[in-house]
Amino acid sequence: MAPQRRGAPRDAEGSGAAERRRPGSTQRGQLNPVLSTRKDRVPGEAPQPWLKALGLGAVLALAALLLCSSLGTEDGVAEALALRGEVLTGKFIEVPCSDDYNGHRRFEGCTPRKCGRGVTDIVISREEAERIRSVAEKGLSLGGSDGGASILDLHSGALSFGKHFVNLYRYFGDRIQNIFSEEDFQLYRDVRRKVQLTIADTFGISASSLHLTRPTFFSRINSTEAQTAHDEYWHAHVDKVTYGSFDYTSLLYLSDYLEDFGGGRFVFMEDGANKTVEPRAGRVSFFTSGSENLHRVEKVRWGTRYAITIAFSCNPDHGIEDPALR
């Protein structure tokens, strides 16, 4: 999810057939089986058992087809890159790099020449994810969007507040020290460092050449209807186009798909073969930021989805410092 990102709208949301709490459409589409009509029968003739079975099978097949249709296949979602129920020690798919990086200053040994996307569940523990989520919850309790998407940026202080944003450090002043602790900010720095090392190791670059860049932020998404453009997180977009400083993007998920929320999967957009990442608390998804990784987030249908977007630039001029308790 990225605030203020606008891309070409997509017509439909994909959602997994295993999604809970979503009403099916078989009630609309079910047909009463008609195995034979009264006028076609010979008086006293009973329907043949095989005919009954055939009719029932046809009805079940039709119901299954309607159910799959109602759950949404219009997105062309053909493959799950990472399922919620699996624990990935490290999965990486290399894809050809786009030309997006050519329009920016290149940094040898850092600017992507090897592009792709990866997922791991062993870098951040679930316990760490729960603790960092509590930091997000404390900060977002101070405000929140009127729409379905709220952000908290501990670096700049940006906090969704109604239909606008406020700087939480200025707006709340010294009260911030009663909300956050130094341990909260140290945890944030530790998590950021682990993600940075993972990206550097995967792409074969020096961690010191990766500079944390803005916007890096917590996101909280629910099913509330969008009130402003900032709430429309579901449009397809390219990070390098939207934010020129981005070279590597990562997301740390802080809640579980189908347990805490429905919808809200991350989708890499590809012709006829979109790839999905199902959020899992502690899961880190990361990728090069160019057009080779056009992506979107499905609309959240129920519950609340928490994550952190952590972005890195090869250009030290775009670097930002870790947040500190002020």
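This is a predicted model: local features need pLDDT of at least 70, side-chain atom pairs count only at pLDDT 80 or more; totals for chains, interfaces and linings use all residues.
Local features need pLDDT of at least 70 and side-chain atom pairs count only at pLDDT 80 or more, while totals for chains, interfaces and linings use all residues. Residues are numbered from 1 along each chain as its sequence is written, and side-chain values use heavy atoms, with hydrogens and water left out.

**Disulfides**
- Counting cysteine sulfur pairs within 2.5 Å, we get two disulfides.
- Cys97 pairs with Cys115, S to S 1.9 Å; the S-S torsion is about 105 degrees, so this one is right-handed.
- Cys97 is partly exposed at 29% relative accessible area, whereas Cys115 is buried at 0% (buried is under 20%, exposed over 50%, partly exposed in between, with a 1.4 Å probe and protein chains only).
- Cys110 joins Cys314 at 2.1 Å, and with -80 degrees about the S-S bond that link is left-handed.
- In sequence order, the bonded cysteines pair 1-3, 2-4.

- Beyond its neighbours within four places in sequence, Leu154 touches residues including Val135, Phe185 and Phe218 (contact is heavy atoms within 4.5 Å).

**Arg283**
- Arg283 is buried, at 0% relative accessible area.
- Its side chain reaches the backbone oxygen of Glu278 at 2.6 Å, and a polar atom of the Arg283 side chain lies 2.8 Å from the backbone oxygen of Leu83.

Note on methods:
A polar contact is a pair of N or O atoms within 3.5 Å; within protein, one must be able to donate a hydrogen and the other to accept it, and residues adjacent in sequence count only if both atoms are side-chain atoms.
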